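Subject: Structure handover

Dear colleague,

Here is the structure I said I would pass on. My notes come after it.

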Amino acid sequence: MGAFLDKPKTEKHNEGGVGNNLKYGLSSMQGWRVEMEDAHTAVVSIPHNHLKDWSFFAVFDGHAGARVSAVCAEELLEEITQNEDFRGKPDLTDGTEIQPSIEDVFAGIKKGFLNLDEKMRAMPEVVSGEDKSGSTAVCSIVSPKHIFFANCGDSRAVLCRNGKCAFATTDHKPVNPRERERIQNAGGSVMIQRVNGSLAVSRALGDFEYKNVEGKGPCEQLVSPEPEIFVEERNPDDQFMVLACDGIWDVMSNDELCAFIEYKMKLTSSLEEVCNQVVDTCLIKGSRDNMSIVLIAFEGAPSISEEAVKKDKEIDEKIELKVKEILDREPQENHDFSYVLHAVAEELHDHFPPGGGFHSKKSVIENVYHKLRPNEDQDARLHLVGNKRKKPSLL
């Protein structure tokens with residue numbers, strides 16, 4: 001599901017904003033895929049009277065087309081907040097509307113997902129069979145006291161608290177026992193870790209060709225649109241949370257991403273730049289997918305540290321000295337950039353940023369190399385090395 005380009009498209013889309021004592025930044029990039037199928041939503045103040053101090057963020061990872069992910073980005077928030085299960089109940093004493101309870105939010109999120117899925121089934125291009133796309137969805141609603149997470153598919157959210165990954169959503173894969181049982185009960189099978197040997201996720205919005213089993217409800221189909229919903233109480237130690245598609249998680253673990261972001265937030269106040277650094281590093285690590293990441297910083301988020309900036313500069317200086325040393329110690333041998341990159345990676349392996357490793361310093365190594373060898377073939381800049389082999393692994 002998805003052909004690849006000869007070279008990745010590395011242009012990025014960035015957004016950022018501030019509100020409700022939150023700050024967010026995001027980055028998305030097409031990468032190696034022939035089409036950009038990701039979409040996102042970021043609303044720091046939900047535009048309804050009783051929800052202005054609530055915020056909503058989401059990432060949608062489309063497949064087999066971008067139609068469903070685009071509709072989700074446009075309409076999911078409204079479907080959640082405007083259905084009768086979510087809306088706050090009237091206060092019987094004076095008739096005013098009060099904010100939703102935790103139970104209201106859970107019920108409203110589920111109904112919003114199911115309502116939107118059923119609404120999209122009726123789109124003309126779906127009815128005609130022209131559009132067969134689907135999309136994962138991971139979203140978060142931040143209220144003054146709680147953080148709600150909803151996940152449908154294999155996009156993921158993580159919450160970093162006190163420098164550690166304190167919470168993460170669960171990916172919905174066909175091989176998970178609970179998911180496999182539902183698929184088999186609906187008459188399907190799990191082959192090569194895919195639904196009927198084809199679809200790599202077991203829950204998604206859209207994908208209606210997997211939702212036509214007679215006698216089964218919407219949450220009992222081969223592919224379910226039902227989100228898994230979680231809640232965390234807000235804590236003064238909350239630092240940041242991340243919503244991202246599997247193009248990020250394919251090459252970074254929860255702990256690696258939290259560590260890398262914390263490191264980068266001490267070097268720059270721009271959350272968009274931090275997100276760009278994540279996307280670039282994941283591309284170099286070997287991600288072949290579209291990539292989208294939303295980073296939301298809480299009041300306890302790391303801030304720029306002079307000590308961290310100094311330490312990062314020292315790493316760059318060590319890299320420069322090491323590249324010179326490698327090129328000087330065997331000057332007769334024509335070592336290419338890939339050789340130098342991996343030599344630096346092995347000899348300075350304890351010095352690179354946590355979570356990002358040598359991949360996050362590839363541009364620094366590359367710049368020093370081409371400064372010292374200005375006549376070297378500039379096509380070497382396109383080599384993206386995903387593991388420690390002399391030959392670039394993505395080519």
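The model is predicted, so local features need pLDDT of at least 70 and side-chain atom pairs count only at pLDDT 80 or more, while totals for chains, interfaces and linings use all residues. Residues are numbered from 1 along each chain as its sequence is written, and side-chain values use heavy atoms, with hydrogens and water left out.

Overall

The secondary structure comes to 10 helices and 14 strands. Helices (H or I, at least four residues) and strands (E, at least two) are DSSP runs, numbered from the N terminus. Along the principal axes, the C-alpha atoms fill a box of roughly 80 × 50 × 35 Å.

Of the 395 residues, 52% count as buried. Buried means under 20% relative accessible area, exposed over 50%, and partly exposed in between (1.4 Å probe, protein chains only). Among contacts with a separation of 6 or more, 68% come from residues 24 or more positions apart, where contact means heavy atoms within 4.5 Å.

Strand β7 covers residues 156-161, and six of its six residues are buried. R156, V158 and C160 point one way from β7, and A157, L159 and R161 point the other way.

β7 runs antiparallel to strand β13 (residues 238-244), with six bridges joining them; L159 has M241 as its bridge partner in β13. β7 also runs antiparallel to strand β8 (residues 164-168), here with four bridges, and C160 is partnered by C165 in β8. Two strands pair if DSSP finds at least two bridges between them. β7 and β8 form a hairpin with two residues between them, and N162 in the turn has a positive phi of about 55°.

Helix α6

Helix α6 (residues 254-265) has 12 residues, which should span 16 Å at 1.5 Å a residue; the end C-alpha atoms are 17 Å apart, which agrees. The expected span is 1.5 Å times one less than the number of residues. Nine of the 12 residues of α6 are buried. Among them are the charged residues E262 and K264, as well as L257, F260 and I261.

Salt bridges

A search of the whole structure finds 23 salt bridges. A salt bridge is a side-chain nitrogen of Lys or Arg within 4 Å of a carboxyl oxygen of Asp or Glu.

E79 and K119 meet in one of these, at 3.5 Å from N to O. E79 lies in helix α1 (residues 67-81) and K119 in helix α2 (residues 102-121), so the pair ties together parts that are 40 residues apart in sequence. E79 counts as buried at 17% relative accessibility, whereas K119 is partly exposed at 44%. The two also belong to a network of salt bridges with E75.

R161 and D238 form a salt bridge at 2.6 Å, N to O. This pair links distant parts of the chain, strand β7 for R161 and strand β13 for D238, 77 residues apart. R161 is buried at 17%, and D238 is buried at 1%.

D312 and K361 form a salt bridge at 3.0 Å, N to O. D312 is in helix α8 (residues 306-329) and K361 is in the loop between α9 (337-347) and α10 (362-372), 49 residues apart. D312 is buried at 12%, and K361 is buried at 3%.

D61

D61 is placed in strand β4 (residues 55-63). Leaving aside neighbours within four places in sequence, the contacts of D61 include E37, D38, D246 and D289, along with G134, S135 and T136.

Regards
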